[in-house]
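Welcome! Here is a short briefing to read alongside the sequence and the 3D view, grouped by topic.

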Amino acid sequence: MTTLDPLRIPLRGLTLIEASAGTGKTYSIATLYLRLLLEWGLEVDRILVVTFTEAATEELRERIRKRLRDARDWLQGDIPACREQDPILADLLLAVPDPDEASALVADALARMDEAAIHTIHGFCLRTLRDNAFESGAAFDVEFITDEGRLRHTAAADFWRLQVAAAAPEYAAWVRERWVSPEALLADLEPTLGIEDLRLLPEVDQTTIAEARRELAHVFAQLQDLWRTQGEEVQDILSSSPALNRRSYNKRVVAAAIAAAQALSVATEVPDEIPIKDLERLTPTCLTQWTKDGRSPPVHPFFALCGR
């Protein structure tokens, strides 16, 4: 790593400069700007300076303006005397072949500083879109938004009004149990909003959801009827079947599964939250998984309904 010399750094190509706060970044940029004017004869609208914030942009513009003003004054006065106050500027000005021509270039730049391309990153993008509206296909009055918060809140409120407020009561109730407002929904979605290729799986629409709810209600009614008539038989299978691995189907697990089934049997409607973890123990998949080797898993229509 070498120390930056703003008078020797190449003006062509890419240069990476590492600098911490207070090390003279703005001073060096202003010096490079002056070199482009004097050494290459560029006009102010041909030099692009980009920074991050509006405050930094304004500071940079003022520092560059001051640098040009100092250069103009010294070119019109005693250049060697400048060495005591600003040796880097003095070395730069002493190297120009024609002080009068250099003075004219700097004076012209000062007079046209309002045209100088000193922008934030987003400000430069906005200017480029406006200047090349036909080529970019952008609107002439394009607005550059640096804070999407207001738009996101508007989108969440629109979604809430269109999809929740006008939804079926059971669907709206399900949503409201999880998110009390559009703002709460937005807060949960916030971490995913920057993912451009985000997909929701499974891909369903309101019609699919409605059909699934109807089928669920049908299965739920069958499950309730079967438990009322054959619940004791199911409990006996769970408690005493020799085929089940009792480490996985111990008394606590069986009791929790039976309690879940009993709770569902007395529910007046399909609950929004079904105790999946406990009810899963009553499904054919789980019963087969925890059946002893060489044995057949217990079978009952109630288990099939739980699986559905």
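A salt bridge here is a side-chain nitrogen of Lys or Arg within 4 Å of a carboxyl oxygen of Asp or Glu. By that rule, Asp-45 and Arg-112 are joined by a salt bridge, at 3.6 Å from N to O. Please keep in mind that this is a predicted model.

**Salt bridges**

- Arg-112 counts as buried, at 17% relative accessibility, while Glu-43 is partly exposed at 41% and Asp-45 is partly exposed at 35%.
- Within helix α11, Arg-228 and Asp-225 lie three residues apart, about one turn of the helix.
- Arg-228 and Asp-225 form a salt bridge as well, their closest N and O atoms being 3.1 Å apart.
- Arg-228 counts as exposed at 52% relative accessibility, and Asp-225 is partly exposed at 46%.
- Salt bridges with shared partners join Glu-43, Asp-45, Asp-108, Arg-112 and Glu-115 into one network.
- The count of salt bridges comes to 17.

**Nonpolar cores**

- In soluble globular proteins, nonpolar side chains tend to be buried together.
- The largest nonpolar core has 27 residues, and those touching the most other members are Tyr-33, Leu-34, Leu-38, Ile-64, Leu-68 and Val-106.
- Helices α1 (25–40), α2, α4 (87–94) and α5 (99–111) each supply at least two residues of this core.
- Setting aside neighbours within four places in sequence, Leu-38 is in contact with Leu-92, Leu-93, Val-96, Ala-102 and Val-106.
- A second, separate core of 24 residues includes Val-234, Leu-264, Leu-279 and Cys-306.

**A nonpolar patch on the surface**

- Leu-48, Val-50, Phe-52, Ile-121 and Phe-124 form a nonpolar surface patch, with about 470 Å² of accessible area together.
- Phe-52 is found in the loop between β1 and α2 (54–75), and Phe-52 is exposed, with a relative accessible area of 67%.

**Aromatic pairs**

- Two aromatic pairs turn up in a search of the whole structure.
- The Trp-174 and Trp-179 rings have their centres 6.3 Å apart and their planes at 75°, so this pair is edge-to-face.
- Trp-174 is partly exposed at 29% relative accessible area, whereas Trp-179 counts as buried at 19%.
- The Trp-227 and Phe-302 rings have centres 5.1 Å apart and planes at 45°, so this pair is tilted.
- Trp-227 in helix α11 (residues 206–240) and Phe-302 in helix α15 (residues 301–307) are 75 residues apart, so to speak a link between distant parts of the chain.
- Trp-227 and Phe-302 are both buried.

**Two exposed positions**

- Thr-285 lies in helix α14 (residues 284–289) and is exposed, with a relative accessible area of 63%.
- Pro-169 belongs to helix α9 (residues 169–178) and counts as exposed at 65% relative accessibility.

Conventions:
Residues numbered from 1 in each chain as written. Predicted model: local features only at pLDDT ≥ 70, side-chain atom pairs only at ≥ 80, totals over all residues. Heavy atoms only, no water. Patch = residues over 30% accessible without salt bridge, like charges linked within 9 Å, V, L, I, M, F, W, Y side chains within 5 Å. Areas by Shrake-Rupley, 256 points an atom, 1.4 Å probe, with all protein chains shown as cover. Helix = DSSP H or I, 4+ residues; strand = E, 2+ residues; numbered from the N terminus. Buried < 20%, exposed > 50% of the residue type's maximum accessible area, 1.4 Å probe, protein only. Core = buried A, V, L, I, M, F, W, Y, C linked by side-chain atoms within 4.5 Å. Contact = heavy atoms within 4.5 Å. Phe/Tyr/Trp six-rings, centres within 6.5 Å; stacked < 30°, edge-to-face > 60°.
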